[in-house]
Number of protein chains: 2
Amino acid sequence: MSVRQKLYEGKAKILYVTEDPDTVMAHFKDDATAFNGQKQGSISGKGAINCKISAQLFELLEERGISTHFLEQVEPNQMLLRRVKIVPLEVIVRNLAAGSLCKQTGLAVGTVLKHPLVEFFYKNDDLGDPLLTIARLLLLELATPEQVEQLREKALLVNEILSEFFQNRGITLVDFKLEFGFDSQGELLLADEISPDTCRLWNQLETDENRRVMDKDRFRFDLGEVDAAYQQVLEKVLSEK
Amino acid sequence: MSVRQKLYEGKAKILYVTEDPDTVMAHFKDDATAFNGQKQGSISGKGAINCKISAQLFELLEERGISTHFLEQVEPNQMLLRRVKIVPLEVIVRNLAAGSLCKQTGLAVGTVLKHPLVEFFYKNDDLGDPLLTIARLLLLELATPEQVEQLREKALLVNEILSEFFQNRGITLVDFKLEFGFDSQGELLLADEISPDTCRLWNQLETDENRRVMDKDRFRFDLGEVDAAYQQVLEKVLSEK
């Protein structure tokens, strides 16, 4: 490739322009951050692992009719993507209570929710990515009511597909974050990544509440063996069921 | 009165039992707290002022068809109330952006909202009274969907009545907090108090963003002349228009 121009550098990825204005190259970094950037570190091999996991899961979702920004993986830690304008929302789907939901409601970690809960957070580092009510989301004009419903439906469909996929591999999909974007034709695509950085994944063979954790919570809460857990998720994702 | 048994002591009021199991006596205190109890102090004369303002506004709302827990004011800082079981929600109505809405969304203070915004916060000191989405409120079973709609409708009606009342007295009702409770017959009543402790009130004759403040923000942000502002609100509330 020719010398590449950086389009955007985030906490976990760098986006580069390509010859095609409608595609970008994503470079997955080993850098890890948590608590809105207050905790910083690195997870050995994370870039390539998350790139591969995301590629596999985007392909799975495409097969099941979900449009994503994924085009192809071109290097261990690089994938070609359709260029999108990101909707400044973090769409969270929760099957079990964990993380900020527990902190903000007092629900016990691991409480099984009767129905999957779709939540919207404002993707805004300065404000600390706050929880949004639908009324606030609409007031800030971050999406239209129709787009909110579209996001909710897509998120729930992704949840159905991924929950079953991980369940078949002995992993509980506790919750996860999705981001979406509009391409140059105005189509709403699933974007960002799907990886142990963005999903809470619990190993069903482990009952201990620390040992079961296979995701970024190992980094957030210094549970150790972070890279081994990410590697294990990759192996499970690649295994045929 | 005979020796009274304390039923409950909150930050701004003490509730005492009476001979009638369906009524309680509320004693309004001069104590003031802010930021979930982190800031503590006292506002001279506040108990009697807030008691009188609340009595006047509850009477106004009763005349306009809103059922409240108010029965009668019996002392300068004491009122007789119907006993209710409080719904653990703070129902906030906002006409202009201020306070936590600005902190959590980046909206500028004073932004006029196209429509009044009704929000629900979890009345839970341990959790810091967090914002609730409707989905979280229902998940926590803090109210039924029908009760949420009832609360929203009542809150909007209270807003219409109070906004007009204050507007006629040269005061902008920026936002306010309501609490509701169920009486022994299961009727939903407006409860708590309505005062400069629970409303943001801006003097329309003042353009300076500090001088216009007539409510607890004077205490929260050390703007001075707190008791004078409360006294001025009382005089405006008592004035005939």
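Student: Is Glu225(A) buried or exposed?
Tutor: This is a predicted model, in which local features need pLDDT of at least 70, side-chain atom pairs count only at pLDDT 80 or more, and totals for chains, interfaces and linings use all residues. Residues are numbered from 1 along each chain as its sequence is written, chains are lettered from A and ligands numbered from 1 in the order in which they are written, and side-chain values use heavy atoms, with hydrogens and water left out. Buried means under 20% relative accessible area, exposed over 50%, and partly exposed in between, with a 1.4 Å probe and protein chains only. The relative accessible area of Glu225(A) is 62%, so Glu225(A) is exposed.

Student: Where does Glu225(A) lie?
Tutor: Although Glu225(A) is not a glycine, its phi is positive, at about 50°. Helices (H or I, at least four residues) and strands (E, at least two) are DSSP runs, numbered from the N terminus. In those terms, Glu225(A) lies in the loop between helix H5 (217-220) and helix H6 (226-238) of chain A.

Student: What is the relative accessible area of Asn36(B)?
Tutor: Asn36(B), found in the loop between strand E4 (31-34) and strand E5 (39-42) of chain B, is a residue other than glycine with a positive phi, near 55°. Asn36(B) is partly exposed, with a relative accessible area of 36%.

Student: Within what arc do the buried residues of H6(B) fall?
Tutor: In H6(B), Val226(B), Ala229(B), Tyr230(B), Val233(B), Leu234(B) and Val237(B) are buried. Seen down the helix axis, with the arc taken over the directions from that axis to the C-beta atoms, the buried residues of H6(B) line one face, because they fall within an arc of 145°. An α-helix has 3.6 residues a turn, so residues three or four places apart point the same way. The arc asked for is 145°.
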